[in-house]
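Please look over the sequence and the model before reading on.

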Amino acid sequence: MKRTYKVIFCLNRSFTNRDYQRFGCAYLKTKGYAVEAWNIDAGRYSRVEIPQGYYQGGNLRELSPQDTIKEIAGNAGAVFILTVNIAGELLLELKRWNCTAIMYWSTGSLEYGSAEIPKKDWPKRTNSFGGLIRSEMKKLLCKNSKSRHAEDIADYYILNTHQCLSVPPKNVDEERMYYIHTGDYDRYLESERKGISASEELILYVDSGFGLVDIDSVMFGYTDPWRENPQEHSQKRNKIFEKLEEHYGLPVVIAGHPHTDYSNADFGGREIVFDQTCELTAKAKLVIMQWSTAVSYTMLFKKPVMILMDDSMIHHRLYHRWLYANYKIFDLRVCNMDITECKEEPWEYANVIVDSMRERYIHAFIKEEGTPEILSYEILEQIIQKIYQERG
């Protein structure tokens with residue numbers, strides 16, 4: 001590469017090592033780009049120490065919103081990768097200094113309102129109150145996006161699928177919008193390139209961080225019932241694991257939540273593995289969860305899903321606001337750790353999602369049909385190359 005192109009990734013919280021890899025920062029750096037990672041809202045949230053750690057490279061910048069505006073002037077002409085929905089003064093400042101803004105919204109996992117999840121007969125609405133709220137939120141986003149001025153619009157948008165809850169402004173040129181797939185599909189493609197195929201070597205528990213302290217709870221201020229009595233919850237959960245291990249003759253492995261502190265976690269001495277949920281799902285006999293966007297992997301690898309709950313969670317607002325609609329739509333039976341039949345024979349609650357439903361879900365929320373089988377950050381690099389070619 002004759003010229004060194006500067007690319008700046010922006011996030012409104014501290015970068016983790018996982019972020020640095022999945023956003024494509026490391027990838028572009030190996031390709032010869034001058035890459036920086038900016039936390040553009042340093043100090044907004046309390047830091048939670050997480051197992052994978054925060055990125056500490058020399059190209060990291062921790063900035064306040066005010067300092068971010070000032071720093072843009074010193075990076076005139078750079079390409080800014082915005083991994084969160086940013087508008088207003090920051091976009092205006094980027095345009096002022098001839099910087100190109102790319103809204104890179106496919107970096108994370110899938111996003112959808114429960115009202116948009118494809119049902120068997122594919123109706124447009126559900127009776128879920130939470131789903132209705134999310135659906136109305138999407139309408140509001142669409143309405144607001146129509147009124148944006150050209151100065152308040154990014155130059156390019158890399159999005160999940162058309163069905164996901166990511167709404168670009170209506171007056172963006174279609175050729176500058178790339179609907180592709182979720183970040184989870186990137187991990188699936190990476191596993192394919194490594195030659196990983198489906199097998200049945202373990203039982204996977206995808207932890208959501210309930211009962212522990214995690215970044216999400218700090219950022220959004222929510223609590224869950226298992227955190228009030230973590231020891232009681234852990235004992236019930238570990239007994240279920242023991243039953244399953246005895247029945248299948250396979251070990252339960254824990255897929256650790258990437259933003260959670262596990263220093264006080266009790267999984268009965270079982271292995272906790274981080275940032276390998278996709279690979280572990282491929283190796284799983286079945287996957288246990290409360291709910292997670294990692295359900296994408298169960299769809300892609302055609303794995304049974306077990307929903308593990310108890311009375312305290314079922315009666316909590318989180319259950320009806322975020323979880324139950326998913327179970328109902330997929331006809332999932334819940335394994336309640338407080339019910340005798342569930343405790344004695346938990347394997348009976350391993351749900352197999354029918355192929356027709358699985359395929360609809362994949363094409364609606366995981367990967368657009370007809371899009372290329374390449375990683376989202378490879379598409380990102382193609383756009384960056386196009387930008388510099390246009391500049392001459």
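The model is predicted: local features need pLDDT of at least 70 and side-chain atom pairs count only at pLDDT 80 or more, whereas totals for chains, interfaces and linings use all residues. Residues are numbered from 1 along each chain as its sequence is written, and side-chain values use heavy atoms, with hydrogens and water left out.

- Helices (H or I, at least four residues) and strands (E, at least two) are DSSP runs, numbered from the N terminus.
- In a regular strand the side chains alternate between the two faces of the sheet.
- Strand E1 (residues 6-11) pairs with E4 in the parallel sense over four bridges; two strands pair if DSSP finds at least two bridges between them.
- Leu82 in E4 is the bridge partner of Cys10.
- E4 also pairs with strand E5 (residues 100-104), in the parallel sense and over four bridges.
- Ile102 in E5 is the bridge partner of Ile81.

**Nonpolar cores**

- The largest nonpolar core has 121 residues, and Phe9, Phe80, Leu82, Ile102 and Ile384 have the most contacts inside it.
- Helix H16 (residues 376-391) gives the most to this core, with seven residues.
- A nonpolar core is a set of buried Ala, Val, Leu, Ile, Met, Phe, Trp, Tyr and Cys residues joined through side-chain atoms within 4.5 Å.
- Ile384 is in contact (heavy atoms within 4.5 Å) with Val7, Leu28, Tyr33, Val79, Ile81 and Ile102, leaving aside neighbours within four places in sequence.
- In soluble globular proteins, nonpolar side chains tend to be buried together.

**Salt bridges**

- The structure holds 18 salt bridges, each a side-chain nitrogen of Lys or Arg within 4 Å of a carboxyl oxygen of Asp or Glu.
- Glu36 and Lys6 form a salt bridge, with the closest N and O atoms 3.1 Å apart.
- Glu36 lies in strand E2 (residues 34-39) and Lys6 in strand E1, so this pair ties together parts that are 30 residues apart in sequence.
- Glu36 is buried at 17% relative accessibility, while Lys6 is partly exposed at 26%.
- Arg187 forms a salt bridge with Glu190, the closest N and O atoms being 2.8 Å apart.
- Arg187 and Glu190 are three residues apart in helix H6 (residues 183-193), and therefore separated by about one helical turn.
- Arg187 is buried, with a relative accessible area of 15%.
- Lys243 and Glu344 meet through their side chains in a salt bridge (3.5 Å, N to O).
- That pair links distant parts of the chain, 101 residues apart, with Lys243 in helix H9 (residues 230-248) and Glu344 in helix H14 (residues 340-344).
- Lys243 is partly exposed at 28% relative accessibility, and Glu344 is partly exposed at 43%.
- Arg13, Asp19 and Arg22 are linked in a network of salt bridges.

**Thr298**

- Thr298 is located in helix H11 (residues 295-301) and is buried, with 1% relative accessibility.
- The Thr298 side chain reaches the backbone oxygen of Val295 at 2.6 Å.
- Not counting residues up to four places away in sequence, Thr298 touches Thr281, Val287, Met289, Lys303 and Val305.

Definitions and conventions
Buried means under 20% relative accessible area, exposed over 50%, partly exposed in between (1.4 Å probe, protein chains only). A polar contact is a pair of N or O atoms within 3.5 Å; within protein, one must be able to donate a hydrogen and the other to accept it, and residues adjacent in sequence count only if both atoms are side-chain atoms.
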